[in-house]
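Here's a quick briefing on how this protein is packed inside. Have a look at the model first, then read on.

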Amino acid sequence: MFEWGPTQGAILGAIILAIEIVIIAAALVVLPGGRRPQTAMAWLLLIIAIPLFGFLLFLLFGRTTVGKKRRAQQEEVNEAILAAAHLEDIEDEHKRLELPPLVQTFAKLNRRLGVLPLSFGNTVELIEDYQAQIDAMTAEVATATDYVNVQFYISSWDHVTAPFFEELVRATERGVTVRFLFDHLGSKGIPGYKDFLKKLDGTKIQYAPMLPIRPFKGEFRRPDLRNHRKILVVDGRVAFSGSQNLIEACYDKPKNQKLGRAWVELIARVEGPVVQELNVVFATDWFTETGENLGHVIGSVPPPPSDRPGALTGVGVQVVPSGPGFVTENNLRLFNSMIYSAEKRLSLTSPYFVPDDSLLYAVTTAAQRGVEVELFVGATADQFMVAHAQRSYYEALLTAGVRIWLYPEPFVLHAKHFSVDDQVAVVGSSNMDMRSFVLNYEVVMMMTGPEVVARLAQVQDTYRALSTELTLEEWQRRSRGQRYLDNLMRLTATLQ
């Protein structure tokens with residue numbers, strides 16, 4: 001019978017030590033390549049501290065790619081769909097040249113990185129009220145005659161969204177094609193997910209989960225990659241996009257409902273050429289998940305916008321997709337370029353503000369050179385680690401002169417938008433955090449002109465009236481325990 005003794009223990013210890021040395025040595029060579037220095041350093045610290053466990057975590061979470069096969073498929077369908085969309089038909093070089101020079105450079109940057117052009121003659125409505133957002137989308141689905149393309153990160157068939165889904169069902173019954181995408185793990189974590197799938201199975205709605213994790217079907221990748229986009233397109237005539245998910249305002253969580261913890265969102269209803277661009281983004285994701293090419297659906301130029309009271313008209317809009325399928329971090333490059341261009345005023349709204357060094361420097365530099373910079377965040381957040389990581393940046397921001405406004409509890413400020421001077425604004429699904437820059441598929445709309453910036457300023461004025469300003473003196477009085485926790489969570493945020 002084998003007996004475990006000191007000699008065997010020493011041998012095992014030596015083997016483990018040798019493995020750990022090999023892991024650390026390999027990490028020193030492999031990790032710095034192709035990663036931000038702060039990300040590489042975070043992984044190195046973890047692996048040096050706990051080599052075996054750190055190595056296992058790196059195998060699960062260290063790669064941000066969706067895989068060569070999926071990326072190749074995406075590139076293939078992008079080319080086919082873009083060719084079918086005839087996007088050159090919606091470009092207007094004359095109007096683009098009338099824009100301020102810096103805004104023209106933003107459009108060139110987006111065109112190079114995200115492919116889609118800046119289009120003009122669009123109608124834009126910003127909708128702030130949560131129920132009004134659901135109602136507006138439901139009303140448009142009721143008018144559908146050809147197709148409805150629906151894509152939301154989190155989706156749930158609950159008492160608030162039921163009218164929307166019931167309208168989708170009625171649309172299918174009158175011959176309208178309804179396509180529906182939702183993030184697999186993002187929606188699976190919501191109560192009632194199995195019933196949600198059963199309800200969908202009982203309809204004619206064509207649906208597919210995005211980025212599914214199904215190892216037994218050969219579908220596995222880094223488990224925290226997400227498709228975070230929110231898009232609704234009806235007949236290629238009207239579209240919606242912004243921060244809102246397709247779910248009840250408290251996210252169907254009894255605890256949130258008891259506390260009155262409701263999400264505050266912003267979406268844009270758009271008509272005009274930009275509808276086609278949002279449709280292109282949907283079509284690429286639909287092909288990736290289902291294999292169906294929608295080139296025949298997005299080939300026609302959208303009709304002229306309707307005349308709606310209160311809507312902003314003649315707006316230049318450019319759709320900017322980003323995510324693991326792009327290696328250029330389209331949203332981060334655009335955000336930095338816009339922030340560095342600010343001369344007078346910069347207003348930022350992001351529920352998860354966990355910037356990389358480049359974005360942090362852009363924001364603090366703007367404040368230091370005299371730009372009025374304000375940041376709207378929630379006094380409370382729905383994600384513990386992200387909330388504390390975000391708080392670790394407050395002192396640097398406040399010291400630089402950034403004004404931080406805390407949206408009141410129990411609400412969760414989930415809207416994602418910002419504006420620069422009176423020239424340009426961004427509305428969409430992307431947070432200002434490293435997850436949205438690297439791990440999430442996102443979509444934002446860059447909007448040009450003083451009218452749309454003024455309309456967004458009205459939204460920001462509402463936030464400011466409700467919020468409490470955080471001061472540097474107040475923030476510096478927080479406990480050492482809070483400082484430690486914030487800094488620890490900041491380290492975890494860079495593990496990408």
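Predicted model: local features only at pLDDT ≥ 70, side-chain atom pairs only at ≥ 80, totals over all residues.

A contact here means heavy atoms within 4.5 Å. Numbering starts from 1 along each chain as its sequence is written, and side-chain values use heavy atoms, with hydrogens and water left out.

**Overall make-up**
- You'll find 20 helices and 20 strands, taken as DSSP runs (helices H or I, at least four residues; strands E, at least two) numbered from the N terminus.
- Of the 496 residues, 56% are buried, meaning under 20% relative accessible area with a 1.4 Å probe, protein chains only.

**Nonpolar cores**
- A nonpolar core is a set of buried Ala, Val, Leu, Ile, Met, Phe, Trp, Tyr and Cys residues joined through side-chain atoms within 4.5 Å.
- The largest one has 53 residues, and Phe335, Leu346, Val363, Leu397, Ile404 and Phe418 touch the most other members.
- Helix α14 (residues 357-368) gives the most to this core, six residues in total.
- Apart from that core sits another of 45 residues, including Val264, Leu278, Phe376 and Tyr463.
- Leaving out residues up to four places away in sequence, Leu397 touches Phe353, Leu360, Val363, Thr364, Leu375, Val402 and Ile404.

Notes. Buried < 20%, exposed > 50% of the residue type's maximum accessible area, 1.4 Å probe, protein only.
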